[in-house]
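Thank you all for coming. I would like to walk through a few local details of this structure, and I will give the cut-offs for each term as it comes up.

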Amino acid sequence: LQHTQKFVYDFTEGNRDLKDLLGGKGANLAEMTNLGLPVPPGFTITTEACKVYLESGDEPAELRDEVGAHLDALQQTMGKKLGQADDPLLVSVRSGAKFSMPGMMDTVLNIGLSDESVAGLAQQSGDERFAWDSYRRLIQMFGKTVLGVDGELFEEALDDAKAAKKVTVDTDLDAGDLKKLVKQFKKIVKAEAGRDFPQDPREQMDLAIRSVFESWNTDRAKLYRRQERIPGDLGTAVNICSMVFGNLGPDSGTGVAFTRDPASGHQGVYGDYLQNAQGEDVVAGIRNTVPLAELESIDKASYDQLMQIMETLETHYKDLCDIEFTIERGQLWMLQTRVGKRTAGAAFRIATQLVDQGLIDEAEALQRVNGAQLAQLMFPRFDEDAKVEQLGRGIAASPGAAVGKAVFDSYTAIKWSRSGEKVILIRRETNPDDLDGMIAAEGILTSRGGKTSHAAVVARGMGKTCVCGAEDLEVDTKRRRMTAPGGVVIEEGDLVSIDGSTGKVYLGEVPVVPSPVVEYFEGRMHAGADDADELVQAVHRIMAYADRVRRLRVRANADNAEDALRARRFGAQGIGLCRTEHMFLGERREMVERLILADTDDEREGALSALLPLQKKDFVELFEAMDGLPVTVRLLDPPLHEFLPDITELSVRVALAESRKDANENDLRLLQAVHKLHEQNPMLGLRGVRLGLVIPGLFAMQVRAIAEAAAERKNAKGDPRAEIMIPLVGTVQELEIVREEADAVIAEVEAATGTDLKLTIGTMIELPRAALTAGQIAEAAQFFSFGTNDLTQTVWGFSRDDVEASFFTAYLEKGIFGVSPFETIDKDGVGSLVRSAVEAGRATRPDLKLGVCGEHGGDPESVHFFHEVGLDYVSCSPFRIPVARLEAGRAAA
Ligand code: PEP
Ligand code: MG
């Protein structure tokens, strides 16, 4: 078959749908050619040829002839031959992969120049300096990229030439200087590459093609692909394009243009132009560009033609396009176009503008934006123009921009915030005790822990800015200070700014601008600045499209009425996870302590019945806030020692007391209990359903609180829809035992209150065994909620509290995965367990309700996966609900 394969396409033969084969640049050059736009003639060598080269170390046998035939045709069209002595055709040889990899691969310009043809170019252009400068550039570029000569050597020679002439810019070198420089450059090539600079133009071209192929696998190209998650086996195409020159005098020039403003989305004339220059000069910043609008007065005919072309392109591509063009002596040439990058705000605006213009429909508009962009629009941001002093950098755990005075303990955070101060809570790491301090703070900064550390998860849940694992910052909570690498010391009360979107930590107050999009979701958007209104309207419309088409429902992870109400405003269709342990903190902690320390049934029952009314009140408030919508309440999950004092601190306290001979009885008992409950591996220890099975009455108390709260709401004419969820189940037997007890309690409450509560009981699937035996577990569960945090932890054997800060950076750098599996669901591993559990669960119980409540529920890529495997809903923190709604819509559109 190989011999029938076509490896070279003339620009007239391709089109924009052939990006796999022709790369982005080649496909779009072909598209423009076929639209009749002025593209310098040329041809493209396919990515397939590159793949053959990379696999076998050699070009496909027929490539040389095919390139030869296309070169002949090009020479015919141009009326001159490559490198022809009296009037040379010159070409550029440019890389161009399917996905843009800016500057990562090779390009060589001016191929075809030689000792002979440089004179012909001088003659034809009437500009000797230009000809020798072009030749100089060729040897330099070719020497560096094709022959592997150290580019510094050319730069040094160039600098020496300028110094000898006492000038500072290249343009001050005349033809004579450049001739000398060419001689020197050739010497460098000979000395370094061990061969002469090739004078045969076809040899130049073939070597350049080969070097473009090879540049696919340079270290920096590989690194870039890993970061951008571009597959490594695509290969690059090679574009051979006849050269046009923007540096032939004042009636020439080069520029870039956008069909709309990539920052605002507005239509208009956007771009830059540089007279008498080539593309590289713009990049090098040799002279300042002028706004594109000024081209109108420089060259009206070209300007008008460009405007016309831009309109053609936008209508054709139905999107914002960016363009590179060159004007050679009054003739406009298009060198590149592509659908252009844009800011998050512009993406939303442009999508709705294009709908209004009738260019795209609503389903297409949804594909033009994404959740990451929406998330970006939702966080307050630091003013980009502000001057900053960076102290360090950690993990971007929960986005946003927060400014406040440094405090190093929760007590101070609360005290200061009560007196009206804004504070940043800085800790080595946080624990449940810090909750009130975290609530009081503007933002949280820790020096330890990853994206699923306590600080990160809780902060994301609250929509609070958080930077965690900033290991280069030394936090000393005892002395209430933090030391940055440069030796800068931040004392309590000093102002710091943290950016949860980048992980950067700054000294002092960086100015912040609020998000109009959140004001809108909160229902607080006033018709303020025009700009904001336009953005908010676009977001509003896109969200409406998404809600109309999505199949997945979106619920919130919330455990208090305030969060529940916010979640509702943000569009939540229920609560998918209420973590009841969050209700056992603060002053109730002592009651839990009593429960844990109870020696007798009486003591235990006493502790439980003290907790019951408090739990019930929590649930009444929650069911009221979510009236008419499902609320999944998860029974107590974490290991009990989380509610007890730290083992080291307590040991020291008791030891000191003992040495003073005034140890108190309670402390001694407490220490005993702490020792008894201490676990080496608490995440795999006594937690979840295991607690319910060994602490008599604990789950029953929680179930009673839920049932009584539901009954109370019902009798108050409310519509409570509680679902009881059992955590960390590994086998159906565990669930059966808990269910039996729960069913009895519910029946009792129903009888006592004269209600039919319609409570459902389900389980989390967060252990591999649960997923593997999902068919059996579904016998006893009315719903499954995938706890993908613990499932990821247990499937990979990665401690969710440690690995992100310890070795994930190395894993990411080595490309073992492109993103943390705690952030985006690992489809092949964890995901395949989810998929098979869905199937097995539904096979047992066709009406089984299926959701996910791990952090992945609000992650864009994961939402698409959950749509695909057929879940009924995703549940995520309130602030991520709009993102999940949007992505669920995009997945279904
Ligand atoms: C989970 O494990 O995915 C989950 C939602 O439970 P938690 O994060 O509370 O362990
Ligand atoms: Mg869990």
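**Phe643 and its surroundings**

Leaving aside neighbours within four places in sequence, Phe643 is in contact with Phe584, Arg589, Val592, Glu593 and Ile596, where contact is taken to be two C-beta atoms, placed from the backbone, lying within 7 Å. Before I go on, please keep in mind that this is a predicted model, in which local features need pLDDT of at least 70 and side-chain atom pairs count only at pLDDT 80 or more, while totals for chains, interfaces and linings use all residues. Residues are numbered from 1 along each chain as its sequence is written, and chains are lettered from A and ligands numbered from 1 in the order in which they are written.

Phe643 sits in the loop that joins strand 26 (630-634) to helix 24 (647-659); helices here are DSSP runs of H or I with at least four residues, strands are runs of E with at least two, and both are numbered from the N terminus. Is Phe643 buried or exposed? Phe643 counts as buried because 22 other C-beta atoms lie within 10 Å, the cut-offs being 20 or more for buried, 12 or fewer for exposed, and partly exposed in between, again with C-beta atoms placed from the backbone.

Turning to helix packing, the axes of helix 31 (residues 788-796) and helix 34 come within 10 Å and cross at roughly 120 degrees, with axes being lines fitted to C-alpha atoms over the stretch in contact and angles running from 0 to 180 degrees between N-to-C directions. The two helices, helix 31 and helix 34, are therefore oblique to each other, since angles under 35 degrees count as roughly parallel, over 145 as roughly antiparallel, 65 to 115 as roughly perpendicular and the rest as oblique. On the side of helix 31 the contact is made by Thr788, Leu791, Thr792 and Val795, and on the side of helix 34 by Gly829, Val830 and Leu833.
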